[in-house]
Each structure stands twice: as C-alpha cells, then as structure tokens.
Amino acid sequence: MTARVLRRPTTWAALVAGAALAVSLGGCSGEGQADPAAGAPPAAAPSGAAVTGVETSAPTPTQTPTPTQTPTPTVSATPPASPAELDALYASTRMDSMSLDAKISMMFMVQVPGTDPAPMAAYLAANGPGGFLLLGNNVPGSAEALRAQLAGVEATAGLSPLISIDEEGGDVARLGQDVFPGADELKSLPVEATTDSFSQRAALLVSAGVSVNFGTVADVTADPGSFIFDRVLGTDPASAGARVAASVSAENGSVFSTLKHFPGHGETNADSHTSIPATDLSFDQWQARDAPPFAAGVEAGASLVMFGHLAYSSVDPEPASLSARWHEVLRSELGFTGVAVTDDMLMLQDSGLPEFADQSANAVRAVSAGNDMLLYNSAIDMAPPVAAIRAAVQSGQFSEKQIDESVVRILTLQRQQWERTHPAR
C-alpha cells in the first residue's frame with residue numbers, strides 16, 4: 001500500500017484546523033448525537049405560546065436582551081511545531097511501522113558499482129539500506145547525467161534514500177565539474193574563499209542529485225608528512241575551525257554536511273586505509289589541539305560526523321569507530337545530535353588485524369559503540385551483519401530503543417531530502 005505523503009502545515013492555524021478536523025471526523029465520543037432509541041426530541045414551543053400547566057396573566061413588559069458576546073477562539077498554549085520537530089515526528093511515525101530487521105537495514109550505507117541505476121534500485125528493493133555511497137565508478141560525465149541516473153532510485157513515498165559522495169575538492173573530487181579550490185589551496189586563503197568554494201560545490205552536488213557530502217575534513221595538522229595534510233583546511237586549531245565552520249555553513253540548506261574523521265587524523269602519520277593508526281595523546285591535549293575544528297563544525301550545524309578507524313590509546317584502545325567513549329564525547333561534550341557514521345567498515349578488515357577479520361562482528365561492535373550508520377564502499381551481502389545485529393539486540397547487548405533512535409535520525413534526513421526534491425505544489 002502506498003504510504004500517504006504528509007505535508008507540513010504552513011501555519012499554526014493550519015495545525016489547529018487539521019486537529020479540529022480530525023476530531024470532527026473521528027466521531028469517537030458521540031457528543032451532540034441523538035440517541036435513536038429515545039425517539040425524536042420534543043419540538044420547541046413556538047415563540048410567545050403559553051407553557052402547559054402555567055396560569056397565564058398579563059404579559060410582562062419585554063426587556064431588551066443583553067447581547068451575547070461571541071467567545072474569543074482559544075488556541076492551545078502549545079507553541080507551533082518547528083519544521084525540524086515535524087520532520088522528527090514524521091520519521092518516528094514511519095519508524096514505528098518497521099520491523100526490527102527493516103530498522104537495522106536502514107543503518108547501512110553501501111556502494112553499488114557502475115552507472116546503471118538498475119542494480120542500485122534492485123539492491124535497494126532487496127535490502128532496504130538507508131543510503132548509497134557514490135565512488136568514481138558511479139559518476140558519468142556530468143552532474144546532469146548523474147542526476148538522471150539517480151532519478152529512479154526512490155525508497156518510498158515521503159522519503160528519499162541518502163546519496164553520499166566524497167566531494168572535498170582538490171585531491172578528493174568525484175565530479176569532473178568540481179573545479180573549485182580544495183583544502184590544499186583553501187588553507188592559505190582567506191576564510192571567505194572556503195565559503196565561496198563550498199557554496200559552489202554544494203550547488204553542483206544538488207544539481208547532481210546528491211544529498212550528503214562527506215566533504216569537510218575537520219582533521220588538523222601542520223605536518224607535511226601526514227597522509228591527511230593536503231586535505232586539512234587549516235594547520236592549527238583556530239584556522240582549521242574557522243574554515244570548517246565556513247564550509248558547513250556554505251552547504252547548509254543544500255546538502256547535508258559531514259565532518260570527518262572524528263576524533264582527528266592529524267595526530268598520526270599512518271593511513272587508516274591499510275592500518276589502525278594510534279597515538280598516545282592525552283584527552284586534555286586532544287581537547288586543545290584536535291577538538292576545536294569539530295566543535296566549530298557542530299556549532300555551524302553539520303548533519304553528520306564520520307568516525308575514523310584510529311585509536312587514541314590513552315582515551316580508549318579501541319578504534320574511535322568502535323569506541324563508546326568517543327561517541328559519548330561527541331554527544332555529551334560537543335553536543336552533536338545528528339547522524340554518526342563510520343568510515344568505510346571494510347577498512348577494518350583491510351588492516352589485516354585478526355580482531356577485525358569478521359565483518360558481522362565488526363558491524364555489531366560499531367552499532368554497540370553508538371554509530372547510526374555503517375558505511376561500506378562495496379555492495380556487501382547485508383543479511384549476515386543484519387542478522388548479527390538482530391541477535392545482539394535479542395540477547396540484550398544493546399537495546400532496540402538504541403536502534404530506534406538511530407533510525408529516527410536517518411529517517412529525519414531522508415524526509416528533509418524528500419521535501420527538498422518534492423516541494424509541495
């Protein structure tokens with residue numbers, strides 16, 4: 001059955017009117033309705049007629065009736081729901097109708113190779129992931145061609161799957177039309193240049209049908225030997241933070257901006273694509289050196305934060321992507337309320353470490369740590385990790401309530417994306 005698309009009421013009055021209409025159509029209480037068993041109600045006596053059983057006398061002088069004041073309509077003191085609250089309500093309602101497996105599947109974001117939309121649509125229908133990742137092999141010759149390619153990939157009425165891409169500019173750009181400066185140039189230009197570059201980049205992504213940009217590198221380092229150096233927006237916390245905030249603000253309202261790679265790659269030269277980089281930097285040092293760009297991006301309104309597969313051993317020996325402690329820091333100390341997503345989960349297996357050899361076990365650990373979405377740069381067989389996460393819920397390792405909270409965050413972004421691409425007519 002096709003789901004009914006909910007539209008946002010444009011005014012508080014519309015909300016009140018909608019609620020009143022729902023009550024009048026519901027007929028739950030039956031107030032004001034005649035009881036058929038009691039027969040018809042007695043007819044009212046004609047004006048001026050004597051009432052039976054009362055002796056008549058000279059008529060009393062007529063008094064001018066006191067005008068009845070029209071009662072002032074009362075509106076509930078409850079303030080109007082904000083657009084964000086309406087989106088969250090819509091998402092929560094949709095989530096309530098989903099099975100546990102469907103909710104868990106929503107937490108996956110995968111890459112299906114090629115420029116043919118049919119395999120992507122088929123994968124969506126068969127597995128129900130919350131979104132797709134686009135890599136270079138998914139991108140045709142132009143943004144317009146990519147938009148046409150993605151046009152037929154829809155989840156369900158009222159929701160759009162999240163379509164993500166790594167579009168940093170400079171060294172990491174998937175779209176050939178992205179000729180705007182990347183971090184390698186922006187770090188030595190005024191902050192306004194970052195705003196201009198990411199505004200144009202966001203407009204390009206919108207024209208391509210992309211909704212999530214994994215494009216804001218919030219890592220900070222001054223070390224040219226670091227593998228991340230050419231991709232950072234600043235070489236010190238203050239300059240990086242200013243440009244991170246500028247990039248997020250420039251993308252807001254166009255695409256969902258993502259900060260990466262929390263808690264920060266800048267403290268180690270190792271590459272997390274082939275290892276699990278580690279540092280013994282203290283938490284206090286992290287707060288002073290690495291936290292500010294992430295805090296600035298959160299304050300600017302980033303919708304997602306990507307967790308890196310790297311370890312700050314003095315805080316938690318686990319990679320941050322699998323660390324409940326680092327998720328707590330992001331939520332409690334930085335105040336982030338959006339979607340927490342892992343870096344590519346297959347990187348854990350690519351590290352070659354035996355403790356990360358089991359794909360399903362890695363997925364369970366990532367959800368247990370607090371991630372909302374698990375990213376895979378391959379069209380994995382989702383059935384085994386979904387089953388493993390379901391078993392972890394059923395055994396009490398973590399609650400279904402945690403799954404529900406993640407799914408509402410994801411559905412809220414999907415709803416917002418639907419409204420951007422399907423405006424009310």
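On a 1 Å grid over the protein atoms alone, a cavity is a set of points where a 1.4 Å probe fits but cannot get out, and its lining residues are those with an atom within 4 Å of a point. The structure examined here is a predicted model, in which local features need pLDDT of at least 70 and side-chain atom pairs count only at pLDDT 80 or more, while totals for chains, interfaces and linings use all residues. Residues are numbered from 1 along each chain as its sequence is written, and side-chain values use heavy atoms, with hydrogens and water left out.

The search turns up 1 cavity of 30 Å³ or more. The largest cavity comes out at about 70 Å³, where a volume is the space filled by probe spheres set on the points, and grid points are joined across faces, edges and corners. Its lining is made up of 14 residues, with Glu168, Gly169, Gly182, Ala183 and Arg231 nearest the centre. Helix α6 (183-186) and strand β4 (212-217) each put at least two residues into that lining; such elements are DSSP runs numbered from the N terminus, with helices being H or I over at least four residues and strands being E over at least two.

As for the overall build, the protein chain has 15 helices and 10 strands. Of its 425 residues, 45% are buried, meaning under 20% relative accessible area, against over 50% for exposed and in between for partly exposed (1.4 Å probe, protein chains only).

Charge pairing is next. The whole structure contains 16 salt bridges, each a side-chain nitrogen of Lys or Arg within 4 Å of a carboxyl oxygen of Asp or Glu. Asp166, Glu168, Arg174, Arg231 and Lys260 are linked in a network of them. Within it, Asp166 pairs with Arg174, their closest N and O atoms being 3.4 Å apart, and also with Lys260 at 3.1 Å, N to O. The Lys260 pair links distant parts of the chain, since strand β5 (residues 256-262) carries Lys260 and the loop between β3 (162-165) and α6 carries Asp166, 94 residues apart. Asp166 counts as buried because its relative accessibility is 12%, and Lys260 is buried too, at 2%. Arg174, at 29%, is partly exposed.

Elsewhere, Glu267 and Arg289 form a salt bridge of 2.7 Å, N to O. Glu267 sits in the loop between β5 and β6 (278-279) and Arg289 in helix α9 (residues 283-289), so the bridge ties together parts 22 residues apart in sequence. Arg289 is partly exposed, at 39%. Arg289 also touches Pro237, whose other contacts beyond four places in sequence are Val220, Ala288, Pro292 and Pro293. Pro237 belongs to helix α8 (residues 237-251) and is partly exposed at 25%.

Asp316 goes without such a partner. Found in the loop between β8 (311-312) and α11 (324-333), Asp316 is buried yet has no salt bridge, the nearest side chain of opposite charge being Arg325 at 7.5 Å; Lys and Arg count as positive here and Asp and Glu as negative, with His and the chain ends not counted. The Asp316 side chain does make a polar contact with that of Ser323, at 2.8 Å (a pair of N or O atoms within 3.5 Å; within protein, one must be able to donate a hydrogen and the other to accept it, and residues adjacent in sequence count only if both atoms are side-chain atoms).

Conventions: On a 1 Å grid over the protein atoms alone, a cavity is a set of points where a 1.4 Å probe fits but cannot get out, and a pocket is an open set with protein on both sides within 12 Å along at least five of seven lines; lining residues have an atom within 4 Å of a point. Contact means heavy atoms within 4.5 Å.
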